[in-house]
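Here's a quick briefing to keep open beside the model. Have a look at the structure first, then we'll go through some contacts and cores.

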Amino acid sequence: MKSRKLSIPYLIWMVIFTMIPLVMIGVTAFTDKDGHFSFEPFINAFQYTNVFAKSLWIALLSTAICLVLAYPLAYIITKMKRSTQNTVIMLMMIPMWMNFLLRIYAWIILLQKNGPLDMALSLLGIHGTYIGNTAAVIVGMVYEYLPFMVLPIYTVMSKIDGGLIEAAQDLGSNSFYVFKKVIFPLSIPGIISGITMVFVPSASTFLVSQYLGGTDDIMIGDVIDKIFWTDQNTGAAISLVLMIFIFIFLVIMNLFGDEEAIA
Amino acid sequence: MKKIISFILCAVLACSATVVFAGCGSSAESKGEVNVYSWGDYFAPGEDGLMDVIAEFKDKTGITVNLTTYDTNEELYNMLKSSNVSYDVIIPSEYMITKLIKEDMLLELDYNNIPNYSEISERFKKLPCDPDGKYTVCYSWGVTAMVYDKTKVDKKPTSWDTLWDESLKGDILMINNSRDAMAIAMQLCGINPEECTKADVDKATAKLAEQKPLLKKYVMDQVFTEMESGQAAVAPYYAGDIAKMMENNEDLDYAFPEDGSNLFYDAFCIPKSCKNKENAEAFINFMQKPEIAAENCKYLLYGTPNKGALEFLDEDIKDNELTFPNEEYLDKCYTFSDVDDEVYAYMQEQFVKVQAE
Amino acid sequence: MKSKRKSGVLSKIYIALIMIFLYAPIAVMIFFSFNKGNTIVWKGFSLKWYSALFNDRTLMGALGNTLIIATLASLFATVLGTAAAIGINNFKGKKRAVIQNVSNIPIISPDIVMGVSLMLLFTFFGVLFNFEMGFATVLISHICFCVPFVVLNVMPRIKRMDPSLYDAALDLGCNQWQAFFKVVIFELMPGIISGFLISFTYSLDDFIITHFTQGARFQTLSTEIYALLRRKIPPTINALSALLFLAIIIIMVLINLRDRHEEKIKNGR
């Protein structure tokens, strides 16, 4: 029980399958096609700056929308009966158990021309295109990652001591003041881990924009996927930059909350 | 809770066990395997009264076929080059064959093991990409053409410039493959794609960048779903596939651009990484049996180089311009077979950039 | 009082809207799985896509592979992760912080970076030791991203555990192994189980990492669906979604019923 030996297999595992691959990305990113040291991959990667910016922008918007939708939802859920709470959380989780690709495909069917949404809206006299634009990509992202925002916020909120709220009320606070002074500050760790859990995958994912977006909505994940099969060096350089961005983001998030919340 | 979990676990384990054993059971009697790396949907799958040719091959020979697919010649090349994966049979197109031969990545075929090679018509035996006829057995051929939706495009297109038509903005699909996309742009710029230079690629790149705001999407085989369900107005694609789309949507029609187009061949080859050469040759031979080649032709609607197969084809397939374009039009077409490596890599690079701009 | 009731109604409407958002796409997919035609135009009721699905050997094989990988990966990860958590708990200070941070890398690094890095590793070793990517590499990759979740779930349990329990068991005549399995593992069980379940879920759902490490022949459900989506999308995919959905609902309901039953027994006492 007191022994550290039990962790040895995992330590070895980590070195081989976590550390070495990362080192290999670093090395590959600094070599050219002939295997010499070079900054060329980074110069190539630099050409995708606008894609980078667009990805971060889409991820930011999706995260913000998730937060706006999830926060009141989590709050409402905590106000329900215990058994209802479990049911609603379960209902939130069920779509997550469907395959990632099937969830996107479902949106393709729903949004396409002459699809159900188009049909319904044209009965009301509204005509438009709902797929192939940035909005569709963001809807897809929100759909994929909304539960990742709801769950941590809900977990934190449901642990808030009811006594604290009562005490505040007894001291004459109205419900808005209770929210501002008690509930919101205490739910910040949940918000931070929610933001992390939505932002990281939505900034780096691929396919969502390929299927739901138009020709302008290519994201950095798609570029890495496309380029990696033809030019591993540039692919590695872009991955490295992406990784650094994400780490900076996590460090900033870390400044707001305690470490436990991030994981 | 715990019991439920253990129940689920047991169920899962039981399922996995059956799958594993089922796998073992069938491989016990088999005579090895053949790893085929092919274009998606490239063999008759046993629907609509056609034969499942892969299953048939297994029944007749006892060899298991592991079929995996690629979308572009470039994907095939990169898989062969950069990952340590072995394939036994591949079906690259002409310019890729040139490249693979040049880089010494193909094995010479033993035509004695492929007796049905005699069924191939002479024209397709010594292809320009394989002038000595040592590495290839041609599988199919065709041209690129345009498919359009009659309800959305008023006049039958006559030139590739329909793909740059402002009035169709948002309804145009473009082929997501550097070679074909660049070639289409080059033809509009009056460049012969057969002998293009880097400067020509730049011109084509500019032309493609001009087109991008008008596009709905860059697609490969997604074009089927898009066109068949009326999601787009016009798209360039391979003629045989256009014939198939037209079977599923009456509103579709085809157009051969007068600028000419690309004539392509796809041929069976065996890469150096092959581990089952005999099985690979058996597979190639089987696919060139006239009746099998005919089945594949009926499914793909691409031209077949197999003379014997023609006997098994209905008149309406033989008369279909999309499957067998007439000689007159073929004279207007060019074939990619030998583009300089550097220009070719540049082409790919620029195409990704157009998309990422 | 009145305003409270009003806000109650608003909350219900809000939850209903979110549920519509979550379930509408799935409902549409299930609806079209019964379509006779093969596009989104309704051509009448038919079960033909379901029979086509069961006859689709590649899709069924891929489903089997997914289950095998998810089961093996989460089992391995659970064992490796639990042992690791106990061991790491005995490190102190800086060393421990470093180990924990490295262990968290697979969780915080983007999937695509992990996939790409593992692919580099496997192709490098593949050339060196002459092996191909396939079942084994996918399994290893899945274990990689599963273990940290197990560690994270088991760790808090260890912290909460009374260390004297283990010594007490030894005093009462257990040997080290008995004490370990009967006391320690038993105490950590809830954490181990949730770690296992999370691993299982992530492994089932993973596409990106599998995409980069699958090699030439090995297909899981995700990669097979990916290949299908790039081509003419067969409506069997709708039938598959409908069946997966049904399976998930059944499992969830079973778990929920069981939980309620247990609760009742507890309350009855």
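Let's start with B:Val89: leaving aside neighbours within four places in sequence, B:Val89 is in contact with B:Val34, B:Val36, B:Phe268, B:Ile270, B:Ala280, B:Phe283 and B:Ile284. In contact means that the C-beta atoms, placed from the backbone, lie within 7 Å. Keep in mind that this is a predicted model, where local features need pLDDT of at least 70, side-chain atom pairs count only at pLDDT 80 or more, and totals for chains, interfaces and linings use all residues. Residues are numbered from 1 along each chain as its sequence is written, while chains are lettered from A and ligands numbered from 1 in the order in which they are written.

**The core**
- B:Val89 is also among the residues that touch the most other members of the 250-residue largest nonpolar core, along with A:Val150, B:Ala267, C:Val116 and C:Val147.
- Such a core is a set of buried Ala, Val, Leu, Ile, Met, Phe, Trp, Tyr and Cys residues joined through C-beta atoms within 7 Å; buried takes 20 or more other C-beta atoms within 10 Å of a residue's own, with C-beta atoms placed from the backbone.

**Where B meets C**
- On this side, 31 residues of chain B are in contact with 26 residues of chain C.
- Chain B's share divides into 14 nonpolar, 13 polar and four charged residues; Ala, Val, Leu, Ile, Met, Phe, Trp, Tyr, Cys and Pro count as nonpolar, Asp, Glu, Lys and Arg as charged, and the others, Gly among them, as polar.

**Chain C**
- The C-alpha trace spans about 75 × 70 × 35 Å along its principal axes.
- Buried residues make up 42% of chain C's 269 residues.
- Of the contacts in chain C with a separation of 6 or more, 78% join residues 24 or more positions apart.

Key: Buried ≥ 20, exposed ≤ 12 C-beta atoms within 10 Å, placed from the backbone. Contact = placed C-beta atoms within 7 Å.
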